[in-house]
Amino acid sequence: MIIFTRVLFLTDVEFDSKPQVMLVGQYSVGKTSFIRYLLGRDFPGQRIGPEPTTDRFTVLLNGPEERTIPGNALSVHPELPFRGLERFGVSFLSRFEGSQLPSSVLKSITLVDTPGILSGEKQRVNRGYDFTKVVSWFAERADLIILLFDAHKLDISDELKGTIDALKGHEDKIRCILNKADQINRQQLMRVYGALLWSLGKTMSSPEVARVYVGSFWQEPLQTLDNAELFEKEEKDLMKDLAILPRQSAVRKINELVKRIRKVKTLSYIIGHLKQQMPSLVGREKKQQKLIADLPNVFRTILKKYNLSPGDFPDISNFSVKLRDVKFADFSPLKQDQIDSLERCLTQEIPKLMEELPSERDTPETLLKKMGKSSATGNVYNVPVPLRSDKFGKKEDENAANPFGFGADNEDQYWALHDSAERLFDSFQALGPEGGFLPPNVARDVLLKTGLQKEQLRQIWNLSDIDRDGLLDHHEYVVAMFLCDAVIQKGRPIPQQLPSSIVPPSKRELLNSRSGIGL
């Protein structure tokens, strides 16, 4: 059955691998610079320049020492999910390498840097391997695909269009970046942004408008500050997408598994139907040719008979080509018990598996049961992405403009716990936050040591975990400690909702939109 699909089997190593983020774009759009900014340092094999400098696929891996790993070695490594790349041959593997370095970011995710997509006469140069098929292979396994564009060159070359076509079916993973936007003024940015959306609308088949992040995604300060506030918000949104990627990876893998089960189920019905239509002795070849020629009607018959979804059927033109290379008479008949097993997996086993994943409805206790084992081993559930404000014309800490913070007259920025946050910062760091967040088991132990009753701690957690992610960042930790002290030291009751002055300024908009309270 594998000959009818371009998707190969998922190995255990691939299923257990870290989330992958693939960067795609034309040359000199800032892919490698973006990776350097994300890592906060240079990496082995790094090449940055205005010309097409990255001429190979580079996988960035976490490791104890800095080194580059040849592609042939990567493809046979038993603990890395790249064995499937062997089918692209030596010519590709010689243009494939790994870059290993110690990095807190790479503990959580794997980054894939791709060669710059060529334009003009350059795109006629033979790479020696099928570039779009390699991109498609990585896209099937990636959790996030970042498609970068330069604000100064929005033209979509034939090779770029072919690459975007190869990403078909993975539109939910794609995030577009309009990079180097600080080099144009506000009016030009408006026109460039509109032109990019128009071009993407013609190139990408998805009916939804692609999400485009605008900004300058590297460590250098903005060249112009006209749109600094917009760029800062856009960068924070993108970094948030990256930061929570490890926690969403399990859901994506289950989603991929469901897609494969549905396609296998549909393909089984097709194969069984074609087998059933074949004569027992004579006229087999003629009947096979007739069935291939009438494949659209065959698909319609199977769809109605078994109540299947049209989206689960393979592409007719590609499928008919592959059918010519096989003999229908050699197909195995449809086995209903195997179909029932697939259906049982979809209706019973997968839902049970989904219940084991963390959700917003979980209490701290149930979340600890689901994530505690992995948390205890030190796995990171958040990527420690860069959060810089100096490149946007601000000081590292916005409160640093006044060493005593904002006054109560500044309702938007005043935080009554500002001094407590500074005092508790060292104790928060001593607890070993992972990616800026305390894992549930660590936060639970801290709260239990206060001696408060379980029901009181449950209420305090619900008030402190403002973004409902099951983890406490520094500011949420400060709120939790404040509420505990208020009950223990001053005998105050736990409030039904947080006063506006207690909510961290960065969380107020989120809390306001969720609960409808006025802040």
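Residues are classed as buried when their relative accessible area is under 20%, as exposed when it is over 50%, and as partly exposed in between (1.4 Å probe, protein chains only). Helices (H or I, at least four residues) and strands (E, at least two) are DSSP runs, numbered from the N terminus. The model is predicted, with local features requiring pLDDT of at least 70 and side-chain atom pairs counted only at pLDDT 80 or more, whereas totals for chains, interfaces and linings use all residues. Residue numbers start from 1 along each chain as its sequence is written, and side-chain values use heavy atoms, with hydrogens and water left out.

Helix α5, spanning residues 131-141, is mostly covered, with nine of its 11 residues buried. Among them are F131, W137, F138 and R141.

Strand β7 (residues 174-179) is likewise mostly covered, five of its six residues being buried. Pairing of strands requires at least two bridges between them in DSSP. Strand β6 (residues 144-150) pairs with β7 in the parallel sense over six bridges, and I177 in β7 is the bridge partner of L148. The chain passes from β6 to β7 through helix α6 (residues 158-166) in a right-handed β-α-β crossover, that is, the path from the first strand over the helix to the second runs clockwise with the strands pointing away from the viewer. Strand β8 (residues 212-214) also pairs with β7 in the parallel sense, over three bridges; here V214 of β8 is the bridge partner of L178.

S320 is placed in helix α12 (residues 316-323). S320 counts as buried because its relative accessibility is 10%. A polar atom of the S320 side chain lies 2.8 Å from the backbone oxygen of S317. Apart from neighbours within four places in sequence, S320 is in contact (heavy atoms within 4.5 Å) with I292 and L295.

Note on methods: A polar contact is a pair of N or O atoms within 3.5 Å; within protein, one must be able to donate a hydrogen and the other to accept it, and residues adjacent in sequence count only if both atoms are side-chain atoms.
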